[in-house]
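Please read the following report alongside the sequence and the coordinates.

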Amino acid sequence: MSNILIKNGRVIDPSQGMDRVSNVLIEDGRISAYDVKVEEKPINGSMRLIDATGKIVAPGLIDMHVHLREPGREEDETIRSGTAAALAGGFTSIVCTPNTNPPMDSQGTVQFVQRQAAEADNCNVYPMACISKNRAGEELAEMGTLVEAGAVAFSDESSPVANSELMRRALEYLLMFDKPVLNHPQVAELTADGVMHEGLVSMVLALPGIPAEAEDVMTGRDISLAESTGGKIHMMHLSTAGSIDMIRRAKTRGVRVTAEVCPHHFSLTDETLRSFDSNFKMNPPLRDSDHLDACIAGLTDGTIDVIASDHAPHAVEKKMRELDQAPFGAISLETSLALVITNLIQPGHLDWMTALEKMTINPAQILGIAKGTLQIGSDADVTIIDPENIWTVDPEKFYSKSRNSPFIGKSLTGRAETVIVAGRVKFERGS
Amino acid sequence: MSFELDEIDVIPESWTRSHLLDLESLSTEEITTILDTAGRFKEATHGCKQKIDALSDHTVANLFFENSTRTRNSFSLAARRLGADTIEFSSSGSSLSKGETFIDTAKNIEAMNVDVVVVRHATPGTPHLLAQNIECSVISAGDGPHEHPTQGLLDILTIREHRGNLAGLTVALVGDIAHSRTARSNIWGLRKLGAHVIVCGPSTLVSRRWEELGVEVAYNLDDILPRCDVLNLLRIQFERQYTRPFPSVREYALLYAMNGDRMQRAKDDILIMAPGPINRGVEVTPDVADGPHSVILDQVTNGLAVRMAVLWLVAGARER
């Protein structure tokens with residue numbers, strides 16, 4: 001394994017509160033030193049020099065909400081293509097969701113995913129396992145065994161746990177493994193046939209709505225259950241002002257609740273559905289500007305801990321359908337970082353330190369994984385970001401197998417330029 | 001006998017649309033162009049009874065993914081009155097069962113040298129998607145509960161024939177606004193032409209949000225009735241509702257059916273309209289539906305005139 005010296009970059013590591021220009025030395029796959037003088041290190045076959053002048057050197061980014069689709073829906077994405085997309089987006093570690101076929105409710109499926117990820121040898125892949133057997137919401141999956149196999153979190157993902165008693169049991173049971181429950185808070189009775197956010201636009205377009213209160217009602221329930229059990233709950237892809245405010249208040253009471261927001265929810269509104277383009281159909285839906293502003297306010301004041309992409313690939317033919325028949329979701333691994341820079345950092349909603357915190361150390365701490373830091377001795381997962389690169393989203397250039405991005409044709413600023421996983425350069429953007 | 005095209009004016013320069021997908025995106029001038037053209041077609045064909053060689057050598061395909069009798073026949077007859085050939089394709093639900101997407105179905109129909117596709121589909125926005133994916137002109141014959149532009153136009157043409165001008169008139173749309181494509185097309189068209197629009201019906205089917213678009217919202221028909229110049233009585237769309245939005249049909253009829261008693265309290269010259277099919281006894285009683293104020297059958301004739309006009313305009317814009 002060759003060693004790497006990253007020269008003259010602006011190192012921003014929220015885990016250490018570090019923000020300064022430095023030279024970072026990577027040896028034997030780990031961060032070994034700062035402020036190393038270039039002339040003291042021979043640059044040869046076993047030492048590579050990367051000039052990061054004008055660039056940001058960050059801990060490898062973590063995306064804790066990624067649909068890799070394998071096993072079961074390899075026409076949408078494979079573990080190989082999805083992890084390649086992750087690298088291109090600047091992510092060195094991702095958490096993959098268990099709504100596969102078969103679902104990740106047993107050791108065997110978790111191990112299959114791990115093996116495929118190891119063979120692909122792109123980024124680190126951490127499995128999220130099911131809360132309930134077959135994601136049916138009836139009885140608990142074998143969580144202890146799943147933790148042993150490597151599951152870092154539990155969720156029934158797109159099938160929110162409707163049964164409050166089961167959710168309570170899951171929170172209680174996971175106390176002894178100190179793993180979080182991740183829930184997609186949404187009450188099914190309020191969203192039947194829903195296609196988009198319920199509001200003025202859905203009224204005009206006559207598309208069935210997904211009201212904000214569908215998210216609020218279950219968020220309230222989950223906070224109550226976390227509060228009474230002492231369990232760890234993480235709310236996935238929050239999209240409403242109401243749910244974010246409930247999280248804010250719960251945190252002041254000390255409830256062990258964390259929350260994430262997706263880039264599309266702080267970038268786009270339901271107005272986009274006027275195009276009837278199914279690339280704007282997601283769940284939770286794109287909401288109106290008041291909710292969008294609430295997402296940004298939650299990110300700014302720290303209520304929202306994590307930015308996660310909810311990368312949801314769907315093959316072209318599935319999205320080329322009537323809006324009610326097209327599936328929910330958008331690919332986002334390759335646009336997530338640029339949207340954070342373009343729509344949060346550039347307008348001044350977040351500074352670099354806070355933005356990167358939500359994409360590195362915060363998800364690492366929620367998941368209990370030793371990632372998201374550039375402390376000396378830690379795994380050398382590093383993302384070098386060009387903060388000035390202005391680029392246009394071109395579907396032909398996606399590493400993902402799917403093309404369902406709502407940002408096609410958009411001009412964005414900032415991009416991962418070099419991505420290092422455990423001391424090996426896994427991605428370099430060609431000029 | 002058949003009339004020649006030169007009896008109809010050439011397409012106005014300002015008309016550039018090769019599709020008619022909704023009324024929301026049309027300008028006042030464009031709506032007026034369609035209404036004027038429909039009026040001239042109606043006159044030149046003596047009430048749409050005769051043919052005119054405006055679209056000979058053209059083919060119009062009716063692509064109906066949702067059940068329809070009257071709209072499909074109206075478009076079909078309108079095309080034939082213009083001298084066009086027609087292709088009929090209907091499939092309830094969609095071609096999903098055969099594994100084909102509706103876009104593929106449309107492309108297959110288009111490959112038969114079709115100039116205009118008339119599409120009805122249960123999903124909002126389907127005509128818009130089609131227009132982006134095929135070369136020929138697309139006319140919406142109703143996309144689910146979203147819009148039914150030719151229905152809106154024929155309703156407006158009917159009012160205009162009886163009143164001359166829409167500006168200043170008060171038009172109430174009564175019934176299931178939430179699920180009504182007729183309501184949406186009427187709202188856009190009527191507002192653009194200067195009418196005051198009231199939407200009236202049960203609060204579960206009439207959103208307060210319509211006020212944000214300049215529409216008056218009312219839940220009590222008797223309160224607004226004395227002010228109305230036109231009542232358009234919409235059918236309750238039982239088939240589009242997930243849970244029943246009111247306790248019983250009986251209660252609905254008590255609150256909203258236009259009957260003889262209510263007619264006593266209406267303006268002397270009120271126009272009673274209904275897009276059909278009508279549920280007699282639910283939204284309107286037979287004495288009113290068949291009474292002297294009813295223009296329901298005028299609407300049917302005007303449907304032909306409007307569809308002839310739209311077919312001719314979009315086909316002409318595409319060729320220009």
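The sections below go through the interface, the cavities, a pocket with its neighbouring helix, and some backbone details of this predicted model.

## Interface between the chains

The size of an interface is often given as the accessible area lost when the parts come together. Here the area buried between chain B and chain A is about 1,900 Å², and carbon and sulfur atoms give 64% of that area. Within the share that chain B buries against chain A, Thr123(B), Pro124(B) and Arg209(B) supply 23%, more than any other three residues. In terms of residues, the contact takes 25 from chain B and 18 from chain A.

## Enclosed cavities

Three cavities of 30 Å³ or more are found in the structure, and the largest cavity holds about 50 Å³ of space. Its lining is made of 13 residues, of which Ala88(A), Gly89(A), Glu334(A), Arg415(A) and Ala416(A) lie nearest the centre of the cavity. The elements that give two or more residues to this lining are helix 10 (336-345) and strand 17 (411-421) of chain A.

By class, the lining of the largest cavity divides into six nonpolar, four polar and three charged residues.

The lining comprises 13 nonpolar, 15 polar and seven charged residues, and its largest share, three residues, comes from helix 6 of chain A.

Helix 6 of chain A, residues 212-229, has 18 residues and reaches 26 Å from its first C-alpha to its last, which is close to the 26 Å expected at 1.5 Å a residue. The helix is mostly covered, with 13 of its 18 residues buried. Just after helix 6 of chain A, Gly230(A) takes a positive phi of about 80°.

Asn183(A) is found in strand 10 (residues 181-183) of chain A. Is this residue buried or exposed? Asn183(A) counts as buried because its relative accessible area is 0%, which is under the 20% limit for that class.

Leaving aside neighbours within four places in sequence, Asn183(A) is in contact with Pro160(A), Val161(A), Met167(A), Met218(A), Arg221(A), Asp222(A), His234(A), Met235(A) and Met236(A). Asn183(A) and Gly368(A), by comparison, are 185 residues apart in sequence and 17 Å apart in space, C-alpha to C-alpha.

## Backbone details

Most residues other than glycine have a negative phi, and most peptide bonds are trans. Against that background, the peptide bond from Glu70(A) to Pro71(A) is cis, with omega near 5°, and Pro71(A) lies in the loop between strand 6 (61-66) and helix 1 (79-88) of chain A. A cis peptide bond also joins Asn283(A) and Pro284(A), with omega about -5°; Pro284(A) is placed in the loop between strand 14 (257-261) and helix 8 (289-300) of chain A.

Positive phi values in residues other than glycine include that of Asn8(A), near 65°, and that of His46(B), near 50°. Asn8(A) is found in strand 1 (residues 3-13) of chain A and counts as partly exposed because its relative accessibility is 33%, a value between the limits of 20% and 50%. His46(B), for its part, lies in the loop between helix 1 (28-44) and strand 2 (51-52) of chain B.

Terms used: Residues are numbered from 1 along each chain as its sequence is written. Chains are lettered from A and ligands numbered from 1 in the order in which they are written. This is a predicted model: local features need pLDDT of at least 70, side-chain atom pairs count only at pLDDT 80 or more; totals for chains, interfaces and linings use all residues. Side-chain values use heavy atoms; hydrogens and water are left out. On a 1 Å grid over the protein atoms alone, a cavity is a set of points where a 1.4 Å probe fits but cannot get out, and a pocket is an open set with protein on both sides within 12 Å along at least five of seven lines; lining residues have an atom within 4 Å of a point. Grid points are joined across faces, edges and corners, and a volume is the space filled by probe spheres set on the points. Helices (H or I, at least four residues) and strands (E, at least two) are DSSP runs, numbered from the N terminus. Ala, Val, Leu, Ile, Met, Phe, Trp, Tyr, Cys and Pro count as nonpolar, Asp, Glu, Lys and Arg as charged, and the others, Gly among them, as polar. The expected span of a helix is 1.5 Å times one less than its number of residues. Buried means under 20% relative accessible area, exposed over 50%, partly exposed in between (1.4 Å probe, protein chains only). Contact means heavy atoms within 4.5 Å. Buried area is the accessible area (1.4 Å probe) that two parts lose on being put together, summed over both.
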